[in-house]
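Open the model in your viewer and keep the selection panel at hand. The stops below say what to select and what is found there.

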Amino acid sequence: MPWLALPFEDKREQSLSRLFKVDGIPLLAALGPTGKTVTIEARGLIMAHGADAFPFTDERMAEIEAKFADMAKGWPDKVKNRLHEEHELVLTRSRGYTCDGCDGEGKVWGYNCEECNFDIHPECVFKASGNGKEVVEEKGNPEGWVCDGDVCYKAS
Ligand SMILES: [Zn+2]
Ligand SMILES: [Zn+2]
């Protein structure tokens, strides 16, 4: 392993477990340069953000959140989509889903119908009119789109 490791069954494992209050493995704790614990939930942060999570600080998490918020800037809160005409789809932060439009994996943002467990990429909602951001950032209704209050849908 490219990092310091204790041999299996080393007694010091118990004091480490106590120190980090380990009640289940795998657990990944991140320590700062001074040895202070940054988080004992680094595993979840890596699962969610990959290497972007480094160095696991609150500041880094705030940066990532800001980036995600920026990504969705200008996207409507609710849309209608022809693949799911029964209900409005709501812009939702997601840990992961399978897109009902293209079968691809999605995360971070999706349009979702909770009632029907329907999820779709924002890109797949906007695709028919090119780049989603352009569609909704332009003034007024994008061509071919009808907006009724907060809800926008592509006119068929
Ligand atoms: Zn998709
Ligand atoms: Zn639905």
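**Stop one: a strand residue**

Select Thr 39, which sits in strand β2, residues 37-39. The coordinates here belong to a predicted model. Is Thr 39 buried or partly exposed? Thr 39 is partly exposed, because 19 other C-beta atoms lie within 10 Å and a buried residue needs 20 or more. For a distance check, pick the C-alpha atoms of Thr 39 and Leu 28; they are separated by 8.4 Å, with the two residues 11 apart along the chain.

**Stop two: a helix**

Go to helix α1, residues 12-19. How many of its eight residues are buried? The count is zero, and the helix is hardly covered. After α1 comes Lys 21, and its phi is positive, near 50°.

**Stop three: the largest nonpolar core**

Select Val 79, Leu 89, Cys 99, Tyr 111, Phe 118, Ile 120, Cys 124, Val 125, Phe 126, Trp 145, Cys 152 and Tyr 153; these 12 residues form the largest nonpolar core. Colour β6 (118-120), α4 (122-126) and β8 (151-154), each of which supplies at least two residues of this core. Which element gives the most? That is α4, with three residues.

Finish on Cys 124, one of the core residues. Not counting residues up to four places away in sequence, Cys 124 touches Cys 99, Gly 101 and Cys 102.

Definitions and conventions
Residues are numbered from 1 along each chain as its sequence is written. Chains are lettered from A and ligands numbered from 1 in the order in which they are written. This is a predicted model: local features need pLDDT of at least 70, side-chain atom pairs count only at pLDDT 80 or more; totals for chains, interfaces and linings use all residues. A nonpolar core is a set of buried Ala, Val, Leu, Ile, Met, Phe, Trp, Tyr and Cys residues joined through C-beta atoms within 7 Å. Helices (H or I, at least four residues) and strands (E, at least two) are DSSP runs, numbered from the N terminus. Two residues are in contact if their C-beta atoms, placed from the backbone, lie within 7 Å.
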